[in-house]
Amino acid sequence: MADIQGSYDDLFTAVPTALAALLDGGDLGGSVAVFVDGEPVVDVWGGFADAARGVPWQRDTIVNVWSVTKTMTALCALVLADRGELDPDVPVARYWPEFAAAGKEAVLVRHLLSHTAGLPDWDGPVADIYDWPAATARLAAQAPQWEPGTAAGYHSLTQGFLVGEVVRRITGRSPGEFFADEIAGPLGADFRMGLPAEHDHRVALTVPPPSRDEDYTAGAARSDVARTVTATPTAIRLRDGNSVAWRRAQIPAASGFGNARSVALVQSAMACGGSVRGVRLLSRAGCDRAWEEQFSGEDRVLGMPISWGLGYGRFGGTYGWGGWGGSTVMIDPEARAVVAYVTNQMREPAQDTRGLDLVMAAYDGLQGLRAGG
C-alpha cells in the first residue's frame, strides 16, 4: 500500500485510504485536504513529484491546478463586489472601455463569471497568453459568438483574462497581485498566480495520461464533444503548461500553483460565510451571491448540462470546479466544509472520477461529524 503522509481525523480514514488506492493503481502523486470550519480534518499527501519516481511528494510540494484557478479569480471579483467596488450587473465596458468593441457593449460582468459572455475561445498564438496587454487587447477586440447572457460555453482559458482585467482596471493591480495582497497573504495560503522562480524547486510537473506525451492538448479532452460553437481554439499543450513561461505568467483561468491545503484554506472563506481563522474576506451575503444561478442548461463547449453561479459550478447544494488533469475543489456551505484534491497525474477526462471519489470518501467523515455533533 502506498505510503501516505500527513494527518487526519479518525472519522476521515476513508480519504487517505482512497488516495493510497489511486497511487497503488498507478497515479504518480497528489495531496488531499478536507477543511471544516476553516481547519483541516484531513491534510495528506503521497506518491512522487517527478515522472521518474525519484522525488517523493513533500508537504510543501505544489502543482499547477489548472482550472481550479478559476475559483481563486472568482473570489477576487466577489471580494471587490462585496466592497462595492465592482457591480456584477453593469457592463464590463464601465470598467474596461475598450471592451465595448465588436458588439460587446451589453456584456455584463456577471456574464464573464458565468461563462455566458460568448468569448469561449482563445484564438491567438500561445505566446500571447504570457503577455497580459496582448491577451486582453485581443479579447477586447473579439466579437461574441452568441448573444451574451443567452447561452453558456465554457471559457476555459479566456475567463481569467476577462475577469482579471476587470480586477486590474478597478484596483490597479494584476489579479495575481490582488490575490496575494488581499486573500492569500492575510490567510497565509501557499497559492500563487504568477509563480516566482524561488518556488520552482517545489513544483511537481504535470505528467500526461498513459500512452500520451507532452503534446497532449486541452482540446483532446473534448475531442468527442460536438461543439455548437464554430471557432476552433488554439490548442494548449501539456508542454505549454509545464513551461517556465507558463509559471511566470498570470493566466488566471489556468495557471494557479498550490497544494490541496492551500486550495481548501482559501475556499473555506466561501464555505464559512466569508471569514476564515479570524480573517474576514467578504460578508455572508457576498458569499451567497456566488451561488445564485446565472445559467442552467447545455454548455455549448462542454457538451453537457451545467448550472453556473458567479465563478463556480453549482452541483446541488455544493459548489466548486475541477481542472484539466484531475485537480478538484468542492465547497459545502451547509457543512462549512471544503474538499480539495490536487495531482500531477493526468488521466483521460472521460475515465477520471478521482475528484468525485475523494469527495465521496470525505462525506463519510462529514456524516460522522454531523452524527457526533
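Two strands count as paired if DSSP finds at least two bridges between them. In this predicted model, strand S4 (63-64) and strand S6 (residues 256-258) run antiparallel and are joined by 2 bridges. Within S6, glycine 258 is the bridge partner of valine 63.

**Strand pairing**

S4 and S6 belong to an open sheet of 3 strands, with the order S4-S6-S5 and antiparallel pairing. The edges of this sheet are S4 (63-64) and S5 (192-193), each of which pairs on one side only.

Strand S2 (residues 29-36) has pairing with strand S3 (residues 39-47) through 8 bridges, and the two run antiparallel.

How many of the residues of S2 are buried? The count is 8 of 8, so the strand is mostly covered, with buried meaning under 20% relative accessible area. Both faces take part: Gly29, Ser31, Ala33 and Phe35 are buried on one side, and Gly30, Val32, Val34 and Val36 are buried on the other.

**Serine 327**

Serine 327 lies in the loop between strand S12 (318-322) and strand S13 (328-332). Is serine 327 buried or exposed? Its relative accessible area is 2%, and therefore serine 327 is classed as buried, the cut-off being under 20%. Its side chain reaches the backbone nitrogen of threonine 343 at 3.4 Å. When neighbours within four places in sequence are left aside, serine 327 is in contact with Asn64, Val65, Val68, Gly322, Tyr341, Val342 and Thr343.

**Cavities and a pocket**

Rolling a probe the size of a water molecule over the atoms shows where empty space is left. The structure holds 2 cavities of 30 Å³ or more.

| Space | Volume | Lining by class |
|---|---|---|
| Largest cavity | about 40 Å³ | 3 nonpolar, 4 polar, 3 charged |
| Second largest cavity | about 30 Å³ | 4 nonpolar, 4 polar, 1 charged |
| Second largest pocket | about 190 Å³ | 7 nonpolar, 5 polar, 4 charged |

The largest cavity is lined by Ser31, Asp43, Trp45, Trp57, Gln58, Arg59, Thr61, Asn259, Ala260 and Arg261. The elements that give two or more residues to this lining are S3 and helix H9 (260-271). Ser31, one of the lining residues, is also among the buried residues of S2.

Which residues line the second largest cavity? They are Asn64, Val203, Ala204, Leu205, Thr206, Gly241, Asn242, Arg247 and Phe257. Asn64, in this lining, is also one of the contacts of serine 327.

The second largest pocket has 16 lining residues. Ala49, Asp50, Val55, His201 and Val203 are the ones that lie nearest its centre.

Terms used. Residues are numbered from 1 along each chain as its sequence is written. This is a predicted model: local features need pLDDT of at least 70, side-chain atom pairs count only at pLDDT 80 or more; totals for chains, interfaces and linings use all residues. Side-chain values use heavy atoms; hydrogens and water are left out. On a 1 Å grid over the protein atoms alone, a cavity is a set of points where a 1.4 Å probe fits but cannot get out, and a pocket is an open set with protein on both sides within 12 Å along at least five of seven lines; lining residues have an atom within 4 Å of a point. Grid points are joined across faces, edges and corners, and a volume is the space filled by probe spheres set on the points. Ala, Val, Leu, Ile, Met, Phe, Trp, Tyr, Cys and Pro count as nonpolar, Asp, Glu, Lys and Arg as charged, and the others, Gly among them, as polar. Helices (H or I, at least four residues) and strands (E, at least two) are DSSP runs, numbered from the N terminus. Buried means under 20% relative accessible area, exposed over 50%, partly exposed in between (1.4 Å probe, protein chains only). A polar contact is a pair of N or O atoms within 3.5 Å; within protein, one must be able to donate a hydrogen and the other to accept it, and residues adjacent in sequence count only if both atoms are side-chain atoms. Contact means heavy atoms within 4.5 Å.
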